[in-house]
Amino acid sequence: MAEGDRQPPRSKPDRSEGFGERLLGLLLDRAHEMPPQLIAPLVAEEVARIGGREVSILLQDYGQELLAPLPGRGLLVGGPEPIADSPAGRAFLNATAVEVPQGDGVRMYLPLLDGSDQVGVMAVTLDTVDDDDRRLLGRLGGLVADIIVTKHSYTDQFFQARRREPMSVAAEMQWSLLPPLAMAVPQVAVAGILEPAYNIAGDSFDYALNDTILHAAVFDAMGHGLEAATMATVAVGAYRHARRAQVDLSEKYIFMDQAIAQMFGPERFVTAQMMHLDIVEGSLLWVNAGHPAPLLIRDHQVVERLESATTLPVGFGGQRPKISGRQLQRGDRVLFYTDGVIEERNLVGETFGEDRLINCINSMQPAEEGLRGELRRLSHTLKEERGGHTSDDATLFLVEWRGGTADHPAIPAIPA
């Protein structure tokens, strides 16, 4: 090529903070009334405005093993990425951007965070990356996550992308009932996981953070299939009704007991555990209606079974339950679980048992993947220990108390 024919070097697109704010504002304005199927092309179009290309949006599958690509015009749609061993998986589990140098630039994997809940990962390739790029793309990832969460109620597209196996009707009911699988604020974090993800029936959990009190509950309806899912739905609905009526733990039990007995008669029941945690003081209160005792974990080791008085399962008309209490230390974790975790039998008929559960917890090495990532790893470890078999619902719900004031001092004030 002659010297006069050489192409001038490409100038870097403007990714300054001022341009970035205008870009994000434009994206937000356009997304308000955008049909769900056009969200992905809109994101790809806006990323192209800052010199990005090969945009992929990856959503976590229901089994928490893969990040599945969201299809859409303008998106790069390849195969699913494993959460356990991929740059996208590291970005997802650690909730931090991962940069992978390539021959034609840098491939960036950005966590899509709705608050503290990991929605998935957005991947984009840039020629070069600097601090302006990182700041802009981090904010773009947060906005894309918010848009996906907002629009997912209007379409099946996001559900279908996450589904990697056929799902039972009972599981469909349970997944539609669940809150976000993880939540974290400076004082407390929670995470939950259900197995078998595509065939869950009677297990469920729920939580809400109201002022300085974390309310949470774990449920296990008897039986399998649609009847169990229906009972769990009624139990969760009654629990939420009682919680929003601001009654204490024993009254919540009464509300649920009456609802299950009225709907299903005296021979059907739901086991449950309900708790209140003061996220400032660390005082834990709980009621046990037929579940295994929760485990207190300190410095990644099980230090105690939280034994307590129990009452009859919900629906059997038990006496008003006794409320148990415990003062936690900062960093303490409490693991609630349903009996399917420890009652599974291996191929020779041996019960998995609580001791093996505790051994699995104690043998896990601490990691930087956060509470949800560690719970996911524990659940998959338990499944491997059971030979990959889960014949009954098996639910884990983990709470970590971090302490501190109810305000967040790390949030900077908006400048005048």
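My entries below cover the pocket, the cavities and the aromatic rings.

**Entry 1: what I am looking at**

I noted at the start that this is a predicted model.

**Entry 2: the largest pocket**

How much space lies in the largest pocket? I got about 610 Å³. I then asked which residues are closest to its centre. Out of 22 lining residues, the closest are Asp117, His152, Phe159, Arg162 and Pro180.

At least two lining residues come from each of strand S1 (53-60), strand S6 (117-126), helix H4 (131-151), helix H5 (157-162) and helix H6 (169-177). By class, I wrote down 12 nonpolar, 4 polar and 6 charged residues for this lining.

**Entry 3: an arginine over a ring**

I stayed with Arg162, one of the residues closest to the pocket centre. Its charged end sits over the ring of tyrosine 62, 4.1 Å from the ring centre. Tyr62 in turn belongs to an aromatic cluster with Trp175 and Tyr198.

**Entry 4: aromatic pairs**

How many aromatic pairs does the structure hold? The count is 6, and I followed up two of them.

My pick to begin with was phenylalanine 219 with tyrosine 239. This pair is edge-to-face, with 5.7 Å centre to centre and 70° between the planes. Phenylalanine 219 lies in strand S10 (residues 213-221) and tyrosine 239 in helix H7 (residues 225-244), so the pair ties together parts that are 20 residues apart in sequence. Buried or exposed, I wondered, for phenylalanine 219 and tyrosine 239? Both are buried.

Then I turned to phenylalanine 269 with phenylalanine 316. These rings are tilted, at 5.0 Å centre to centre and 50° between the planes. Here both partners are in loops: phenylalanine 269 lies between helix H8 (249-264) and strand S11 (270-278), and phenylalanine 316 between strand S14 (301-305) and strand S15 (324-327), so this contact ties together parts that are 47 residues apart in sequence. Phenylalanine 269 is partly exposed, because its relative accessible area is 23%. Phenylalanine 316 is also partly exposed, with a value of 36%.

**Entry 5: the largest cavity**

I counted 4 cavities of 30 Å³ or more. The largest has a volume of about 140 Å³. Its lining is made of Ile297, His300, Arg333, Ile361, Met364, Gln365, Pro366, Glu374, Leu375, Leu378 and Leu398. Which element gives the most to this lining? Helix H11 (residues 370-385) does, with 3 residues. Sorting the lining by class gave me 7 nonpolar, 2 polar and 2 charged residues.

**Entry 6: the second largest cavity**

This cavity holds about 40 Å³ of space. I listed Glu195, Val341, Ser379, Leu382, Lys383, Arg386, Ala394 and Leu396 as its lining. H11 turned up again, with the largest share of this lining at 3 residues. Strand S17 (394-401), like H11, supplies at least two. The classes here are 4 nonpolar, 1 polar and 3 charged.

**Entry 7: a last jotting**

Notes: Residues are numbered from 1 along each chain as its sequence is written. This is a predicted model: local features need pLDDT of at least 70, side-chain atom pairs count only at pLDDT 80 or more; totals for chains, interfaces and linings use all residues. Side-chain values use heavy atoms; hydrogens and water are left out. On a 1 Å grid over the protein atoms alone, a cavity is a set of points where a 1.4 Å probe fits but cannot get out, and a pocket is an open set with protein on both sides within 12 Å along at least five of seven lines; lining residues have an atom within 4 Å of a point. Grid points are joined across faces, edges and corners, and a volume is the space filled by probe spheres set on the points. Helices (H or I, at least four residues) and strands (E, at least two) are DSSP runs, numbered from the N terminus. Ala, Val, Leu, Ile, Met, Phe, Trp, Tyr, Cys and Pro count as nonpolar, Asp, Glu, Lys and Arg as charged, and the others, Gly among them, as polar. Rings of Phe, Tyr and Trp (its six-membered ring) pair if their centres lie within 6.5 Å; planes under 30 degrees apart count as stacked, over 60 as edge-to-face and the rest as tilted. Buried means under 20% relative accessible area, exposed over 50%, partly exposed in between (1.4 Å probe, protein chains only). A charge sits over a ring if NZ of Lys or CZ of Arg is within 6 Å of the ring centre and within 35 degrees of the ring normal.
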